[in-house]
Structure formats: C-alpha cells, structure tokens
Amino acid sequence: MQINKIKIAVSSCLLGESVRYDGTDKHIKYITQVLSLNYNLISLCPEMAVGMGVPRAPIHLVDDEGGIQVVGIDNPECNMTKPLTQYGNEVVEIYPDICGYIFKKNSPSCGIKNVKVLNTQGQYERKGQGVYVAAILNRLPSLPVIDEDDFLDAKVRKKFLYRVSEYSKVN
Ligand code: SF4
C-alpha cells in the first residue's frame, strides 16, 4: 500500500548535493538517512534554479537604503534579488503541499536569520534574511521552517516536526 508521506523541502546542499558556490555541499546525514524514512524530501536550490551554475561568484546581502538586495561580492552590478524572489514565489505555486522547510543557515538566499548584511557604512551586520526564504515566508508566513543548526538540536527538531504535522492537517 502506497503511503503518502508529508513533504518537507530541504536546501539541496544539506542533502549532499554539490551545489554551493564553490562546488561543495553541507550534507547532514540525519536528514538523508533518518528523516527521509518518514518524510518525502523535496530538494531545492534557488541559486541553481535561477541559472547561477557551479562554480559561481559568491553573493551577499547589501542594505542600500532602498531595501535589502542580494548582489555579487566582487560585482555589485550583478543583482540577483529579483530572480531569487521570483523563484521563491514560483516554489509556493509549484509545491503547494510542502508542510515544512529545512534551510541552510547564513546563506544570502536561504538563511532564515542572522545573515550577514553589508550596511551603508561598509560593515557587516548579522541582521538579515535570505531573499529567497523571505519571498516564501511572505507568501506562507505560518510555514514551519528551521535551519540545520536548530534541526540538529533534538528538542527543537521535535517541536519543528510537531509543527509540520499540525500544518499538514490544515493545508
Ligand atoms: S544555501 Fe541555498 S542557494 Fe546556497 S547552495 Fe544551499 S540550497 Fe543552494
């Protein structure tokens, strides 16, 4: 009998895919070897999805007073804010049945909290959120989300998975 597992989206690099800007991954074995037994994991890498490729020039968040932008560190003219935001909006449409999301921390695309932002004085502050995750949470503010550090904390993970279960009952 086919069992419909609850869908959880996961940053592709946490699943062991070599999609980071430098061709590395950030594999979390607990996700691929344990979580995958009970959940249908959806691998998503926004930077690959918008065609940035591997390897790619690194990007960062910049506060330009008109709002937070994500631009090339070496080439500020390369502004990826719009495509990454658009892709976040597309994911919400393509996967309406996702009930949770495990994001890679510190990423200017995927980081949920405390992502480095270059301020107008030219200094980094850990105050930002990735533009892709911001687009998703703008559309789905109650979607359960977590980063890999919190996910590896058993108590926080248990609360997250409980919220995923509750979310799946009403969505
Ligand atoms: S953090 Fe997000 S954008 Fe960066 S490699 Fe991982 S999935 Fe892709």
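A residue counts as buried when its relative accessible area is under 20%, as exposed when it is over 50%, and as partly exposed in between (1.4 Å probe, protein chains only). The structure is a predicted model, in which local features need pLDDT of at least 70 and side-chain atom pairs count only at pLDDT 80 or more, while totals for chains, interfaces and linings use all residues. Residues are numbered from 1 along each chain as its sequence is written, and side-chain values use heavy atoms, with hydrogens and water left out.

With a relative accessible area of 31%, Tyr30 is partly exposed. Tyr30 sits in helix H1, residues 29-38; helices here are DSSP runs of H or I with at least four residues, strands are runs of E with at least two, and both are numbered from the N terminus. Together with Val34 and Leu152, Tyr30 makes a nonpolar surface patch of about 230 Å². To join a patch, a residue needs over 30% relative accessible area and no salt bridge; like charges are joined within 9 Å and nonpolar side chains (Val, Leu, Ile, Met, Phe, Trp, Tyr) within 5 Å. The areas themselves come from the Shrake-Rupley method with a 1.4 Å probe, and for residues only the protein chains shown count as cover.

Next up is the sheet. Four strands form an open sheet in the order S4-S3-S6-S7, with mixed pairing. At its edges are S4 (68-72) and S7 (124-128), each of which pairs on one side only. Two strands pair if DSSP finds at least two bridges between them. S6 (residues 115-118) and S7 run antiparallel and share four bridges; Val115 has Gly128 in S7 as its bridge partner.

Then there are the salt bridges, meaning a side-chain nitrogen of Lys or Arg within 4 Å of a carboxyl oxygen of Asp or Glu. The count comes to nine. One of them links Arg56 and Glu47 at 2.8 Å, N to O. Arg56 is buried at 10% relative accessibility, and Glu47 is buried at 9%. Another joins Lys104 to Glu148 at 3.2 Å, N to O. Lys104 lies in the loop between S5 (98-103) and S6, and Glu148 in helix H5 (residues 148-151), so this pair ties together parts 44 residues apart in sequence. Both Lys104 and Glu148 are buried.

Lys113 and Asp150 also pair up, with their closest N and O atoms 2.9 Å apart. Lys113 belongs to the loop between S5 and S6 and Asp150 to helix H5, so the bridge connects parts 37 residues apart in sequence. Lys113, at 39% relative accessibility, is partly exposed, and Asp150 is partly exposed at 26%.
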